[in-house]
Amino acid sequence: MENQDKIICSELFQKQRKVEVVLYPAVLAWKEIEKSSKRSSGTSESEHGQTVKVCEIVAVHKTEDEADAQPRSHPKRINQPSQQYPHAFTVSYVRRTRQHLWRCADVTFHCADQQICEQWVQVINEQLSLLTNRPKNLLVYINPYGGKRRGERIYEQKVAPVFRQAGIFTDVIVTERANHARDHLKMEANLDDYDGVVCVGGDGMFSEILHGLVTRIQTDHGVDQNQPDAELVPCSLRIGIIPAGSTDCICFATQGTNDPVTSALHIVVGDSQPMDVCSVHHNGVFLKYSVSLLGYGFYGDVLTDSERNRWLGPARYDLSGFKTFLSHNYYGGTVSFLPADDNVGHPRDKLQCRSGCRICQHKHSSKDEHDEASEEKEKPAEDSDRGWNVIHGKFIAINSASMSCACPRSPKGLSPSAHLADGTTDLILVRKCSRLDFFRHLLRHTNNDDQFDHWFVEVHRVRKFRFEPWHPDLAPLEDASEHPESPDLSPISSLQETYDDRTAESSWNCDGEILHHTAIQVSVQCQLIRLFARGIEEQQDAEVAV
């Protein structure tokens with residue numbers, strides 16, 4: 001830090017202590033200056049100091065009437081700093097606490113000279129103005145009905161004050177119906193007026209914002225979303241998530257916590273996290289976008305049943321999950337997938353996606369030159385299905401995880417090593433097995449054990465996949481070569497002979513919404529959107545230097 005050019009440096013007072021305060025281009029630092037004591041003579045600098053990244057300064061302002069703010073119980077002293085240094089300014093900055101929580105902390109410096117005080121405020125604000133990634137105008141959508149109906153209160157009490165302190169202007173729309181935000185973004189919103197879009201709600205509200213914004217961008221650029229192989233145009237506007245719903249999986253997986261203040265501060269400092277988006281089609285018709293979970297079988301059945309019990313609130317998921325587990329249904333179908341390149345790792349490599357993930361950054365740096373070559377190479381392969389793997393079987397669950405899908409109940413998530421922005425999704429196939437075996441698999445979502453370490457579970461990192469359900473009159477023979485070896489398996493026979501009511505069609509759970517078509521084609525759109533987030537920080541990197 002000594003090698004950096006100092007922008008401004010002064011000796012000021014902070015909490016009755018004389019400190020040297022230095023502003024560098026990237027860091028604000030202050031260190032106590034110790035005067036002579038009985039043990040030493042002369043003046044020496046303390047080895048202990050504090051630093052704050054300039055990019056994590058929320059705001060700076062001149063502190064008025066600082067002397068009057070002192071507690072009256074303190075006796076007046078002639079050498080009291082508030083009298084010798086009557087002018088003050090306060091710097092508000094991001095302070096990290098436990099479990100990825102962020103809070104806004106303040107440090108106040110006292111000056112003897114008013115001009116110096118004003119100069120500090122001006123210079124820090126000038127440095128903040130150079131941070132072009134920070135939003136100045138935001139379009140905010142609030143879902144007043146999601147979760148426990150706390151959206152408006154959370155925004156007004158916890159988020160709006162942070163935005164005001166940072167000088168961010170907002171246009172707030174409280175949604176009045178389902179898909180209100182989606183339709184407004186698609187048709188009415190003037191996107192040129194904003195630096196980002198913020199949703200206050202759960203994953204369902206985020207899905208509305210996602211579909212509205214992506215659809216609007218494709219429409220403006222003349223891209224046909226019904227074409228499964230269409231190259232979608234990335235969204236320039238970032239999306240912010242203020243968690244206020246029943247489930248906030250996306251927020252948790254990108255920040256490590258579901259805390260409104262933390263999310264607001266990520267927005268203020270202008271964080272940017274690219275994210276992949278899966279486009280889902282049926283017979284050449286666009287259905288939905290997905291960023292977290294596509295689940296057929298178990299998770300589709302849980303969602304379908306929970307929709308009948310919405311009056312129970314978030315508890316409906318527990319009830320429906322228990323009922324679905326007891327039903328223990330399985331479904332026949334054919335899964336085809338296009339494997340990902342080797343340079344994006346494997347779902348079982350234990351390399352978790354974290355802030356500054358090298359795999360996602362490598363994908364971003366090589367994306368432009370790789371896309372053209374891969375498109376030319378991929379087109380003939382798709383036409384003839386060369387390069388695709390095909391699996392026939394009976395499945396309790398078919399899941400596609402484009403992120404870890406971590407949440408407070410499952411800290412590691414559905415696929416702990418899934419990446420946010422590598423252009424792939426992790427395809428998890430859970431074959432027909434005993435109820436006890438399936439319970440063991442589910443239990444591993446809540447601990448650190450490898451949930452893929454079962455004979456009936458296989459996982460693949462893919463760029464595209466297709467699913468076709470079996471019907472009684474069209475069911476093919478199950479491919480014994482694709483079936484894992486297990487002493488518990490009975491001999492393979494014609495599926496027509498073994499077909500029963502439990503192999504009827506399930507539904508797809510697409511980020512918490514039911515798809516009305518079972519046969520689907522899924523393509524991963526690499527880094528199609530960006531969030532006001534930075535990924536989950538490693539603990540040692542998250543600590544502020546002291």
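This is a predicted model: local features need pLDDT of at least 70, side-chain atom pairs count only at pLDDT 80 or more; totals for chains, interfaces and linings use all residues.
Me: What is the expected span of a helix?
Reply: The expected span is 1.5 Å times one less than the number of residues in the helix.

Me: How do you know that the length of helix α5 agrees with its number of residues?
Reply: Helix α5 covers residues 203-220, 18 residues, and should therefore span 26 Å. Its end C-alpha atoms lie 26 Å apart, so the span agrees with the expectation.

Me: What makes α5 a mostly covered helix?
Reply: A residue is called buried when its relative accessible area is under 20%. Of the 18 residues in α5, 15 are buried. Just after this helix, Gly-222 takes a positive phi of about 70°.

Me: How many residues does the protein chain have, and what percentage of them is buried?
Reply: The protein chain has 546 residues, and buried ones make up 53% of them. The chain contains 14 helices and 21 strands. Its accessible surface comes to about 26400 Å², with 47% belonging to carbon and sulfur atoms.

Me: What makes α9 and α12 a pair in contact?
Reply: Contact requires heavy atoms within 4.5 Å. Phe-325, Leu-326 and Ser-327 of α9 make the contact with Arg-435, Phe-438, Phe-439 and Leu-442 of α12. By class, five of these residues are nonpolar, one is polar and one is charged. The axes of α9 (residues 315-327) and α12 (residues 435-443) come within 10 Å and cross at roughly 145°.

Me: What percentage of the contacts with a separation of 6 or more joins residues 24 or more positions apart?
Reply: Such residues account for 76% of those contacts in the protein chain.

Definitions and conventions. Residues are numbered from 1 along each chain as its sequence is written. Side-chain values use heavy atoms; hydrogens and water are left out. Axes are lines fitted to C-alpha atoms, for helices over the stretch in contact, and angles run from 0 to 180 degrees between N-to-C directions. Helices (H or I, at least four residues) and strands (E, at least two) are DSSP runs, numbered from the N terminus. Ala, Val, Leu, Ile, Met, Phe, Trp, Tyr, Cys and Pro count as nonpolar, Asp, Glu, Lys and Arg as charged, and the others, Gly among them, as polar. Buried means under 20% relative accessible area, exposed over 50%, partly exposed in between (1.4 Å probe, protein chains only). Accessible areas come from the Shrake-Rupley method with a 1.4 Å probe; for residues, only the protein chains shown count as cover.
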